[in-house]
Every structure is written in structure tokens, then in C-alpha cells.
Amino acid sequence: MTGEAATERTPFDRLDALVSLAAIRRPAHRVSGRVSRISTSFIVVTGLSKFVSIGDAVSIAGVGGPVLGEVASIDANTINVTPFVADHRIELNACVTAMSGQMTLFPHETWLGRTLDALGRPIDDGEPLLQGDRAVPIQGSPPSAMRRSRLGAPLTTGVKAIDLFTPICAGQRIGIFAGSGVGKSTLLAMLSRAPSADMTVLALVGERSREVRDFLEDTLGETRSQVISVVATSDESPMMRRLAPVSAMAIAEYFRDQGKNVLLIIDSLTRYAHSMRELALAADEPPVARGYPPSVFSALPKLLERAGTGEEGAGTITAILSVLIDGDDHNDPIADATRGILDGHIVLDRAIASQGRLPAVDPLVSLSRLAPKIRTKQQAQFATLLIELVSRFEDTRDLRAIGGYKPGSDITLDQAMEIVPRLYDGLKQSLDEPPVADVFSFLSQMLPGGSRNGTQQPR
């Protein structure tokens, strides 16, 4: 027998290969249970306890069609399932079928410019989405700490106040902390145009339905073609609001693994925490900090650690996350927990916004932990001196307002009075203005004694 004949596959070999392939792609059988109790938050199901894990997807036979749900808890004889839609029509004894593990997405490059819901379904009345060739689990895991590549090159945002005081590098995670109505969404739209990023993934969590289309069509404008938007509005179920940033993260991970530098924007992380709180309290989890249960604080690092650099050879996910400060209290539990996880924070101040200085970045309390790795020595000295002058200018504002200061008695304050108003005017920026590629060169034309790269200090 020749070698070619010896290696020829018989029909039984080919049949066995097909069966094995089918077993990988789809389970050999489906396991079903029955609805035994219905509450406002959970569906209690019998017959599936031995066949599912927490987080697995199930399909419930509703009156108007199948309803997707997720396993929230498991007892000896029952499981609690949380439906993804709040207006479901599910009856007692309805059939509940276990899906093949946790939910997955199949991202594709043609998703750019499209708007999806938290389950990855198009909601923009466009063509059906093309599916990629690789499944991405929605509940992914971050790369190993020792296999992650080091942080990438500086990422120019084009927003002058941020590039000057809180510079960002590729793979960094930074938060925008502000109360309501201070300009978070406008600043996020400006950051979405960052010229250093290959693409943007945007998650709108808990937004008012009226504002979604305005933000996508007017605020994003021409940059929308390079943005994949995942939207869960405030009227949707807490499951959808909880899933939206997680799905956006999974999409960003797919493109990061393709070698792209992805800009991930989540607006807002606080509403994600609110949805987690609703679900946890409905499951009788005890609150520990201003109504937030412990699971909320364990879920935040699980989500945020997935952003950042990938393994060697992959791209990066630069995450910019808005954090809504309830009552302008920066000691809010979510704000406090998030600051400890992120690589920096940008604080928007309501008093600055009321003066018409937008974006209302407060340089005295904002911080980028990676700024020393980004700036040159001369740029760091220049930025530090500007912060010192701003601090002196603001500390003496009341004194100068009542005429209690005589020019010439403090050289540093005289310098601050000359430079800081020009600096404030130079850092004003609207959404209609083009991004600024080099903030130091820009300031050299406005400040006395400035130089092209911040190598010469104001005097």
C-alpha cells in the first residue's frame, strides 16, 4: 500500500470529523426547564440547576417570542433568571432553554459608524450587521499582568487643557469627574476626535432617549463614521444598562487584538454602577456604602482592568470614562472607588463652567499618573510652573477683589496676574474648533516668554 493510500481518509473518518466539529460549534442537545415563579425582578426556573452556571444565557419562551435572560443565582432545585427586557410577557410553565454558555459577539470592521443596543443588535435602521469570524465573550478577562505590553506612545487628544495638564498615553485609563450639566458629554465628544486613535467605541449608558440621536448626529458629527456606538437608554432595564459598557469593552478588545489603538469612551460609569445596584438590591444583597452593595465595588475593577494594553504584539484600549458626581460630592463611593482604579482623573468644576471657561477643567485637582512618562523635562517644568501660577492667582482672588493687594509687592503674583488670564483665554475650546496638535507651540504664541516646546518658562 502506498503512503498516499495509507493516509486517505475513509467515509467514517470524515463523518467522525464532522461530528466533532459540530460538537464544538453547537451543543449536541439542549437542556430545558420550566418557569415556576415570576416576580418583578426575577424569573424562577426549575430543572436547570445542574446544567448552568452563573452568567450563562437562557432563552425563555414568551408570549410574543423568545426572551433572553441571564442566570443570576443557583439553588439546589431552582435558578433565578434576570430577563434583559423589562416589558416581557412570560407565563408560568413557559419553557426555558439553556444556551451554550455566556453570550458572545462577532465584531466586524463594517460595524464602524453603526449604533447597537447592549446585545449587539443594530438600532439605527441600517443594513443587518455582518458577523466576524471570531467569537468574543462579552464577559471577557483582562490579559495577564506579566504578559501585557508596556504603555504606548503619547496620545494627542487635541483638547488643549487636557494635553497640557493631564496628558494621556495609549493604553491609559482616565476618568472625567463632574456633576450634571458641567460639560462632560461635550468634552467626551471632543475627545472622540483624538487624531492618535485608529477608531472609537462609545458606550452611552442611561442617557435620555431624546439626547441620544442629538449626541450621535450633532455632537459627534463627521467623526461618527469612525465610531461604534453601544446605547442603553434610561428607560431600558437595568440588565441592558449594565450590559452596555461590558459589550462595548468586548468590541474594543476584539479590535485591540487586531493591533488597533482603540479609544473607548463610556458615559457614564456611574449609571453602570446604578444598574448594578438595582440588580443587587433586588437579589437581597445588603447595602454597605450609601446604598451600594459589595458586588458593585467588585464589578468595577473587573470591567476597568480589561482596558489598557494588550499582550505583546496587540494594540491598546485607551479608556476615557465619565463619572457623575452626585451632588458635586467628590467623596461619593463610586467616584472614590473609581479614582483608585484609574490612571488619572480630570475634574470639571461648576464654578469654572459658570465663568464661560469651557472645557471646565480644574488643573489644580486634576491628575494624570502617567504624565512623567509622557512629558519631556522642559515640558514638565513648564506645566508645573503654570500650575503654581494658577494656584497663586486663585488663592488671592478675594484679596485682589477687595483691593487688598498692591502690584509690585509680590513678583510671583504679579507674574500670575499677567499670565493666568491669557492662559485661561487660550485654553477655551468649543466643539466647533479643530483639535490642536501641539499645545506647547500654541501657548508659545500667547504667553510672554513662552517657547515652542515649553523649553523656556514664562517670565
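A cavity is a set of points, on a 1 Å grid over the protein atoms alone, where a 1.4 Å probe fits but cannot get out. Grid points are joined across faces, edges and corners, and a volume is the space filled by probe spheres set on the points. The model is predicted: local features need pLDDT of at least 70 and side-chain atom pairs count only at pLDDT 80 or more, whereas totals for chains, interfaces and linings use all residues. Residues are numbered from 1 along each chain as its sequence is written, and side-chain values use heavy atoms, with hydrogens and water left out.

Figure 1. The volume of the largest cavity is about 130 Å³. Its lining comprises 13 residues, of which Arg-357, Pro-359, Val-361, Tyr-424 and Leu-427 are the closest to the centre; lining residues have an atom within 4 Å of a point. Helices α3 (160–165) and α14 (411–427) each contribute at least two lining residues, and α14 gives the most, with 3. Helices (H or I, at least four residues) and strands (E, at least two) are DSSP runs, numbered from the N terminus. By class, 11 lining residues are nonpolar, none is polar and 2 are charged. Ala, Val, Leu, Ile, Met, Phe, Trp, Tyr, Cys and Pro count as nonpolar, Asp, Glu, Lys and Arg as charged, and the others, Gly among them, as polar.

**Figure 2. The second largest cavity, with a volume of about 40 Å³.** Among the residues that line this cavity are Glu-70, Gln-139 and Arg-242. The lining has 3 nonpolar, 3 polar and 2 charged residues.

**Figure 3. The largest pocket, holding about 750 Å³ of space.** A pocket is an open set with protein on both sides within 12 Å along at least five of seven lines. Of 27 lining residues, Glu-70, Gln-139, Arg-242, Met-276 and Ala-299 are the closest to the centre. Two or more lining residues come from each of β4 (65–74), α6 (238–257), α7 (269–282) and α8 (294–304), and α8 gives the most, with 5. The lining divides into 14 nonpolar, 8 polar and 5 charged residues.

**Figure 4. Packing of helix α12 (residues 377–395) against α14.** The helices pack at about 100°, with axes 8 Å apart, which means that α12 is roughly perpendicular to α14 (65 to 115 degrees). Axes are lines fitted to C-alpha atoms, for helices over the stretch in contact, and angles run from 0 to 180 degrees between N-to-C directions. Contacts (heavy atoms within 4.5 Å) involve residues including Leu-386 and Phe-393 in α12, and Ile-419 and Tyr-424 in α14. The contact residues comprise 12 nonpolar, 2 polar and 2 charged.

Methods:
Angles under 35 degrees count as roughly parallel, over 145 as roughly antiparallel, 65 to 115 as roughly perpendicular and the rest as oblique.
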